[in-house]
Amino acid sequence: MGVNPHSIMTFKDLQRQLICLRLSVYEALLEHGPCTTRELATACSIDLLTVRPRMTELLQCGFVVDISEDGQGHEGIYKA
């Protein structure tokens, strides 16, 4: 039975990792955007389940805006 690497991470280690992921997603959006989270994940070979929460964080911080027009709950189009 192996040790889960997350079980030995400190909270600060996890925070640093999330900050790095957030920066990676932001830089990818600058390079490939505007686009959806799915398009960005594909273009950058970053897992979609990593991109989406980081995009939400960036949106909440004001670094990203949703420029989609449908408002129907479909996937948004994001711009840095």
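User: In this predicted model, why does Phe63 count as partly exposed?
Analyst: Phe63 has 48% relative accessibility. Partly exposed runs between the buried limit, under 20%, and the exposed limit, over 50%. Phe63 therefore counts as partly exposed.

User: What makes the pair of Tyr26 and Phe63 edge-to-face?
Analyst: The structure holds one aromatic pair. The ring centres of Tyr26 and Phe63 are 5.9 Å apart, and the limit for a pair is within 6.5 Å. Their planes stand at 75°. Angles over 60 degrees count as edge-to-face, so this pair is edge-to-face.

User: Which parts does the pair tie together?
Analyst: Tyr26 lies in helix H1. Phe63 lies in the loop between helix H3 (48-61) and strand E1 (65-66). The pair therefore ties together parts that are 37 residues apart in sequence.

User: Is Tyr26 buried or exposed, or in between?
Analyst: Tyr26 has 23% relative accessibility. Buried means under 20%, so Tyr26 counts as partly exposed.

User: How do you know that Val25 is buried?
Analyst: Val25, also found in helix H1, has 1% relative accessibility. The cut-off is under 20%, so Val25 counts as buried. Val25 touches Leu40, Val51, Arg54, Met55 and Leu58, leaving aside residues up to four places away in sequence.

User: Why are H1 and H2 called roughly perpendicular?
Analyst: The axes of H1 (residues 11-32) and H2 (residues 37-44) cross at roughly 95°. Angles of 65 to 115 degrees count as roughly perpendicular, so H1 and H2 are roughly perpendicular to each other.

User: Which residues meet there?
Analyst: Val25, Ala28, Leu29 and His32 in H1 meet Leu40, Ala43 and Cys44 in H2. Six of the contact residues are nonpolar, one is polar and none is charged.

How values were computed: Residues are numbered from 1 along each chain as its sequence is written. This is a predicted model: local features need pLDDT of at least 70, side-chain atom pairs count only at pLDDT 80 or more; totals for chains, interfaces and linings use all residues. Side-chain values use heavy atoms; hydrogens and water are left out. Axes are lines fitted to C-alpha atoms, for helices over the stretch in contact, and angles run from 0 to 180 degrees between N-to-C directions. Helices (H or I, at least four residues) and strands (E, at least two) are DSSP runs, numbered from the N terminus. Angles under 35 degrees count as roughly parallel, over 145 as roughly antiparallel, 65 to 115 as roughly perpendicular and the rest as oblique. Contact means heavy atoms within 4.5 Å. Ala, Val, Leu, Ile, Met, Phe, Trp, Tyr, Cys and Pro count as nonpolar, Asp, Glu, Lys and Arg as charged, and the others, Gly among them, as polar. Buried means under 20% relative accessible area, exposed over 50%, partly exposed in between (1.4 Å probe, protein chains only). Rings of Phe, Tyr and Trp (its six-membered ring) pair if their centres lie within 6.5 Å; planes under 30 degrees apart count as stacked, over 60 as edge-to-face and the rest as tilted.
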